[in-house]
Amino acid sequence: MFGTAYELPVPVLTDFNGGAVTDAQITVEIIPESGTPFTVENYTFTPDQTGTFTVRYTIVSNDESAVKEFALTVKDTTAPVIVFDGEVPKTAEAGDTVVLPAVKITDDRDGVLGYRIWLEFEGERTELFDLSFRAEKVGTYKIIVETSDTAGNPAEISAEITVTERSESGGGCSGTLFAGAGMAGAAVAMAAALLLKKKKKANR
Ligand SMILES: [Ca+2]
């Protein structure tokens with residue numbers, strides 16, 4: 001796996017007569033598919049990239065030498081991690097525009113990864129192309145963020161938003177306040193009503 005140390009096998013050396021060879025010089029070389037070969041110590045190798053590596057042992061004993069190779073495939077099996085960069089609102093009122101925080105994705109191998117964000121309501125999923133949506137109806141809205149790294153490891157997070165009935169606020173626009181007022185009073189009342197209307201709009 002990418003990012004973890006591999007313990008490479010320690011070769012057991014015997015001579016032609018089957019006796020143990022203890023005085024050999026052993027070099028362990030790692031040859032990446034692309035890039036510069038390098039040697040490792042203590043039979044430990046921590047890959048900094050995925051792919052197939054050739055592990056080459058060069059054994060020198062007295063005047064003789066031998067080369068032994070094997071292939072090592074390093075894969076990325078670690079899924080990316082998705083987090084909301086802030087709080088997802090837990091509640092909203094019907095008609096509200098819910099603004100979602102930014103999404104942050106990190107992976108052990110990949111730098112920048114894209115993602116898709118979905119809105120689920122009453123069993124239906126729609127894709128969001130913006131970090132906000134208008135909660136038209138009362139109910140539970142689910143936000144789902146999906147991604148995967150270039151090796152295909154998937155990741156998903158979700159959050160729920162409970163949307164309730166719009167609460168009646170500032171219900172004093174009945175006009176009764178100005179009942180019985182004269183001409184000037186009526187004009188004032190009209191201006192006040194206009195103001196209320198405007199304010200209500202701005203609040204949405
Ligand atoms: Ca990964």
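Pro-47 sits in the loop that links strand E4 (44-45) to strand E5 (51-61); strands (E, at least two residues) and helices (H or I, at least four) are DSSP runs, numbered from the N terminus. The model is a predicted one, so local features need pLDDT of at least 70 and side-chain atom pairs count only at pLDDT 80 or more, while totals for chains, interfaces and linings use all residues. Residue numbers start from 1 along each chain as its sequence is written.

Pro-47 comes out as partly exposed because it has 19 C-beta neighbours inside 10 Å. On that scale, 20 or more other C-beta atoms within 10 Å make a residue buried, 12 or fewer make it exposed, and anything in between is partly exposed, with C-beta atoms placed from the backbone. Thr-4 is 43 residues away from Pro-47 along the chain, yet their C-alpha atoms are 7.1 Å apart.

Strand E11 (residues 116-121) runs antiparallel to E12, with 5 bridges between them; pairing takes at least two DSSP bridges. Trp-118 has Glu-127 of E12 as its bridge partner. The hairpin has 2 residues between its strands, and Glu-122 there adopts a positive phi near 50 degrees. E12 (residues 124-128) is hardly covered, with 0 buried residues among its 5.
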